[in-house]
Amino acid sequence: MRKKLLLGNWKMNKTPSEAKEFASSCEEMVKKAIDNNVDVGVAPTFVCLCPVVKYAPKGLIVSAQNCSQYDHGAYTGEVSIPMLKEVGVTYCIIGHSERREYDAETSEKCNAKIKALLAAEITPVYCCGESLATYEEGKTNEWVAEQIKAGMKDLTPEQAAKVVIAYEPIWAIGTGKSATKETAEETIGFIRKTLEGMFGAVAQDIRILYGGSVKPENIHDYMSMEDIDGALVGGASLKLDSYKALIDNLIG
């Protein structure tokens with residue numbers, strides 16, 4: 001059975017001192033998640049990674065929000081995977097819709113990053129999802145299938161099993177709207193079938209998260225669905241109280 005994963009994407013929020021305070025105060029929350037067989041983590045900004053790694057309790061996953069596919073070089077403003085590895089990062093979000101929209105991130109570029117992360121033994125969290133226009137046109141499956149096939153291209157089944165997929169309908173991110181549990185389950189089920197076509201039976205071992213206005217009051221409904229293995233959470237992960245409520249309601 002696939003283990004649930006709850007990952008908080010802090011986006012461009014929290015100063016290093018605020019991140020330290022969160023990490024220093026979340027031991028009880030992390031222990032409760034672990035005791036209930038749930039993986040839990042946060043994805044701070046680059047400047048907050050060090051204080052979170054330093055002050056986080058044992059068991060809290062620390063993820064980066066992005067990385068470069070290059071180990072080093074003249075790439076001003078980029079952060080390499082070896083840098084993240086040395087800091088102590090164990091996960092990295094790739095291809096988030098905001099990166100795709102604002103920074104021209106392509107699925108092909110994500111593919112290079114995924115391969116580099118796997119080589120460094122860091123878990124990629126690969127995001128896919130459609131716009132409202134694509135959803136209303138009924139082309140969701142076509143859109144996400146293209147993202148999955150391009151982003152996971154040329155991976156072996158063994159490599160694919162180490163990737164976490166996050167389905168995030170763009171129209172539900174930060175809008176207060178959220179896909180119904182049935183809509184999310186249908187699309188995530190389709191993603192798993194797409195992965196099965198690429199990698200065979202190992203697709204049943206790949207964790208697929210839902211993201212898009214996930215809150216304490218709706219997380220249990222999503223987690224009750226067969227193919228949804230966790231959540232990539234934005235705003236609700238920023239405050240310790242709301243993150244605790246997410247965990248309580250996930251396992252409750």
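A charge sits over a ring if NZ of Lys or CZ of Arg is within 6 Å of the ring centre and within 35 degrees of the ring normal. The model examined here is predicted.

**Exercise 1.** Determine which residue lies over the face of tryptophan 10.

*Solution.* The residue is lysine 14, at 5.2 Å from the ring centre of tryptophan 10. The distance criterion asks for a position within 6 Å of the ring centre.

**Exercise 2.** Classify the aromatic pair formed by tryptophan 10 and phenylalanine 22, and locate its two members in the chain.

*Solution.* A pair of aromatic rings is described by the distance of the centres and the angle of the planes. The structure has six aromatic pairs. Tryptophan 10 belongs to the loop between strand S1 (4–9) and helix H1 (16–25), whereas phenylalanine 22 belongs to helix H1, twelve residues apart. Both residues, tryptophan 10 and phenylalanine 22, are buried. Together with Tyr243, Trp10 and Phe22 form one aromatic cluster.

**Exercise 3.** Describe the largest pocket by its volume and its lining.

*Solution.* The volume of the largest pocket is about 390 Å³. It is lined by 18 residues, of which Lys11, Gln65, Asn66, Arg99 and Asp103 are the closest to its centre. By class, the lining comprises six nonpolar, seven polar and five charged residues. Helix H5 (residues 97–102) supplies the largest share of this lining, three residues.

Definitions and conventions: Residues numbered from 1 in each chain as written. Predicted model: local features only at pLDDT ≥ 70, side-chain atom pairs only at ≥ 80, totals over all residues. Heavy atoms only, no water. 1 Å grid on protein atoms, 1.4 Å probe; cavity = no way out; pocket = protein on both sides within 12 Å on 5 of 7 lines; lining within 4 Å. Points joined across faces, edges and corners; volume = space filled by probe spheres on them. Helix = DSSP H or I, 4+ residues; strand = E, 2+ residues; numbered from the N terminus. Nonpolar A, V, L, I, M, F, W, Y, C, P; charged D, E, K, R; others polar. Phe/Tyr/Trp six-rings, centres within 6.5 Å; stacked < 30°, edge-to-face > 60°. Buried < 20%, exposed > 50% of the residue type's maximum accessible area, 1.4 Å probe, protein only.
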